[in-house]
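Welcome! Please take a moment to look over the sequence and the model before reading on.

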Amino acid sequence: MSFTAPITLPGLALDPQWYRRAVFYEVMVRCFADSNGDGTGDLGGLISKLDYLQWLGIDALWLPPFYQSPLRDGGYDVSDFKAVLPEFGTLDEFRELVTKAHERNMRVIMDFPLNHTSDQHPWFQASREDPDGPYGDFYVWSDTDKKYENIRVIFVDTEESNWTFDPVRRQFFFHRFFSHQPDLNFENPAVQDAIFDIIRFWFDMGVDGIRLDAIPYLFESEEGNGEGEPPTHAYIQRLRRMVDDEYPGRMLVAEANQWPREVAAFFGTAEEPECHMAFDFPVMPRIFYSLRSQTSGELVKILSETTDVPPGAAWGVFLRNHDELTLEMVSEEYRQAMYGWYAYDPRMRSNVGIRRRLAPLLDNSRAELELAHALLFALPGSPFLYYGDEIGMGDNIWLSDRDASRTPMQWTPDRNAGFSSADPGKLYLPVVQSLVYHYSLINVEAQLAQSRSLLHWVRNVIHVRKAHPTFGLGSLQVQQTDHESALAFVRSYAGSGMHFGDQSEEILCIFSFAHNPISVTVQMPEHAGASLTDLFGGGQFPSIAGDGVVTLTLGTQSFYWLKITDRPA
């Protein structure tokens, strides 16, 4: 497989707000490509596939944890924050990855689970064995398990309490997640300094950004619920000041599974900024709800909710990732509807969510895959793709926990899907061999050979999006329509004139969730008389009438991106 590198505009590397226009790609090192035939993906394998990612149009890679770890929670249980898990490679290989990515005008951001460590971390071992030593106060210890009773248990299907008794220290330790992941004690200044030290270590390695995993849960108090408490925000503000002062052009991403207003708090303010980006969790389940309910009301409601974000901040939007499709941000009635549509088999469920990949969720419907991606790429913020979703990879619900959607990337129809030369029995997880999603049918090589494949379609949409700064930098205004299945909004950007093509622009994005063709009327009084041009093919559409009304016909589960050209006054 060979790829022709796209031409990149000079100066992009100097853009301090690069993340606002970037297309991100989540690639789990273990799952992507195995370079040494041991059955596990590694940094060398990822380096070998950078040309593919550049061809696809990816601007930045997001790497979930690749640190030293017992791997009881997919690497989020870290035992050494400054070491690479040996089966993934070495620090020198990581440096090479960053260098090679930068050569291709791609950046690298990495995960940092700063809320907790593994119980195998030397800090925890020292803390439990020597309560009066330098690490004795690195974790949250108590003689009772009755503290912080306002704080909810997150993993309700595996943990009964946020406290676990340690037989060595003869005290309880606090944990927001699994009982083998004790929470760090952020009240301790030495812990705060240790976190700064780790972040500096990776930024010095050339990393372009850090995803702050489980960011709301740093500080606890008896009065609060342990989520986004004031000392947590104060600490993130200190961290942001350090990054801006010492590493300009690098960025911090907040991972906070909360309502938009609460998540927006992690952007901080113009005077006291916190994170450069935050994930927009509530929008994602509502996309899936709209696809099955054939109504846009829930999406209209959430997109119309105004959340003040400081200048330069950006949302991160996504359809799927390495975790389950969380349903925490929906009502119980809504949740049961989603389970009925998307997780009818109990094996498809995990925690308060659904553990499925994008294509199986959408029953491998090409129309729905295109519609979901088109909506993702048109939303405010930067889109995050999950490895394999660009080819419609399947999952394996017979595997435990979140491994269902963490199977090897499918490159070719050959043995092990071209992921590894190892004996198939040695793979860290088996490749997908189900009837519909078998690796001999769904793989990069086959889709490269088909001009109308999902892979080529996704690449085309990415490149159209990248040609229009409006999608990354512009505002969104929901438009009134006369059909419950339609969603219409206008993306507007005043333009900075600083870069080629960075001009003012307005784009009408309209989507139909109906399972049959519809005619929809959109009210656009401020654009009366304007002409509409398709962004993909350049075709002319009916102009907006003098009274500001335009009527469009949309096929089954389809969409338009239309450039608005107002008549001169």
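Here is a short briefing on strands, cores, cysteines and a pair of helices.

This is a predicted model, in which local features need pLDDT of at least 70, side-chain atom pairs count only at pLDDT 80 or more, and totals for chains, interfaces and linings use all residues. Residues are numbered from 1 along each chain as its sequence is written, and side-chain values use heavy atoms, with hydrogens and water left out.

**Strands around β22**

- Helices (H or I, at least four residues) and strands (E, at least two) are DSSP runs, numbered from the N terminus, and two strands pair if DSSP finds at least two bridges between them.
- Strand β22 (residues 531-534) pairs with strand β25 (residues 559-565) in the antiparallel sense, over 4 bridges.

- β13 and strand β15 (residues 353-354) are joined by 2 bridges, and Thr326 has Gly353 in β15 as its bridge partner.

**Nonpolar cores**

- A nonpolar core is a set of buried Ala, Val, Leu, Ile, Met, Phe, Trp, Tyr and Cys residues joined through side-chain atoms within 4.5 Å; buried means under 20% relative accessible area, exposed over 50% and partly exposed in between (1.4 Å probe, protein chains only).
- The largest core has 164 residues, and Tyr25, Tyr52, Phe94, Leu212, Phe511 and Trp561 have the most contacts inside it.
- Another core of 18 residues lies apart from it, including Ala514, Met524, Leu552 and Leu554.

**Cysteines**

- How many disulfides (pairs of cysteine sulfur atoms within 2.5 Å) does a search of the whole structure find? The search finds 0.
- Cys31 is buried, with a relative accessible area of 1%, and Cys275 is buried with a relative accessible area of 1%.

**A helix pair**

- The axes of helix α9 (residues 283-293) and helix α13 (residues 366-378) come within 11 Å and cross at roughly 140°.
- Axes are lines fitted to C-alpha atoms, for helices over the stretch in contact, and angles run from 0 to 180 degrees between N-to-C directions.
- α9 and α13 are therefore oblique to each other: angles under 35 degrees count as roughly parallel, over 145 as roughly antiparallel, 65 to 115 as roughly perpendicular and the rest as oblique.

Terms used
Disulfide = S-S within 2.5 Å.
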